[in-house]
Amino acid sequence: MTRQPPRDVPPAEEAAHWVVRLDAGPLSRRETRAFAAWLAADPTHAAAYDRLAAILLPPTPVRVPPRRPRRRAGSAIWTRPRLALAASAAAATLAVLIPAGDALRLRWQADAITGIGERRLIRLPDGSQAWLAPQSALAWHMHANRRDLRLLRGTAAFAVRRDPARPFAVASGDGQAIARGTAFIVRRDAGATEVDVLQHRVEVRTGRGGTSLREGWQVRYTADGLLAPDRRFDRDAAVALLRGRLIADDQPLGDVIAALQPYRHGRILLSPRAAQRRVDGVYDLDRPEAALALIASSLGLRRLDLGGVTILYAG
């Protein structure tokens, strides 16, 4: 469905919408016509778009279908920024973070769900505990011989009540983490799932293989079940994150922003130069605006706020 830009929205906010939409992939013919119509409607529209494209990355030509509105030669209308943004940013729009249909489907499927900035501790029917990070959703079915859970979105940590006769399995994507009495974390994003073991061992199985994870080790697998090699992770930082503290030790800015994003409204976008920066520090996730301001200040980044989008870039 083509999104027609509302007339009462400032040009900078609409420009941010088109920058993000173009980064998500090629426009359809209907979207291309809508984009062209918006640019042709007012000279300030093209100026606002060019400004954002220049901040985030120099534009490159893009092929345009026929039947486009006429513009003067040399116009920068038909440009497309190639932004090195996180996968989640590619799907962002100013109107909604999650399509309404997906949100309703999650609420129908989930037994527990959290919103922006909300953390929740849940006592499961078997006596185990689950901690949900912001913007997460979890479903479960307890049986006589097994305990089946599914992480539908986000991040969940589990403290599993020991029961050798009833495996505790958390499914996510094309895989599952299986435990009988341990503590571990499962993170799910648009393209992959990560499992971190805090105590004892966890079996991770997918349709394309499996691994036995020891305490202090993690593994990541893609949506189609492809497993990456096991690797160590910082347990202290993982536990701190569960308690609302983000510890960054020479981490890429993109990873830090991805951890901060579920705690605040609106989308955070990074220019390629900004994304290359490394971050050190401890940040309070319950005060996301203060954390974002501190990060930007410590790295000498400039900030541009456009309604539902915040852009950080190197000046």
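A: What follows is a short chat about strands, one glutamine and the nonpolar cores.

Q: Before we start, what sort of model is this?
A: This is a predicted model, where local features need pLDDT of at least 70, side-chain atom pairs count only at pLDDT 80 or more, and totals for chains, interfaces and linings use all residues. Residues are numbered from 1 along each chain as its sequence is written, and side-chain values use heavy atoms, with hydrogens and water left out.

Q: OK, is strand S11 mostly covered or mostly uncovered?
A: Mostly covered: seven of the eight residues in S11 (residues 192-199) are buried. Buried is under 20% relative accessible area, exposed is over 50%, and partly exposed is in between, with a 1.4 Å probe and protein chains only. Strands here are DSSP runs of E, at least two residues, and helices are runs of H or I, at least four, numbered from the N terminus.

Q: How many residues sit between S10 and S11 in the hairpin?
A: Three. Arginine 188 stands opposite threonine 193 in S11.

Q: And on the S14 side, what stands opposite aspartate 196?
A: Glutamine 218, in S14. The side chains of glutamine 218 and aspartate 196 are also joined by a polar contact of 2.9 Å, and another, of 2.6 Å, links the glutamine 218 side chain to that of arginine 231. A polar contact is a pair of N or O atoms within 3.5 Å; within protein, one must be able to donate a hydrogen and the other to accept it, and residues adjacent in sequence count only if both atoms are side-chain atoms.

Q: Why does glutamine 218 count as buried?
A: Because its relative accessibility is 7%.

Q: Switching topic: which residues have the most contacts inside the largest nonpolar core?
A: Leu253, Ile257, Leu260, Val279, Tyr283, Leu301 and Leu312, in a core of 30 residues. A nonpolar core is a set of buried Ala, Val, Leu, Ile, Met, Phe, Trp, Tyr and Cys residues joined through side-chain atoms within 4.5 Å.

Definitions and conventions. Pairing = 2+ DSSP bridges.
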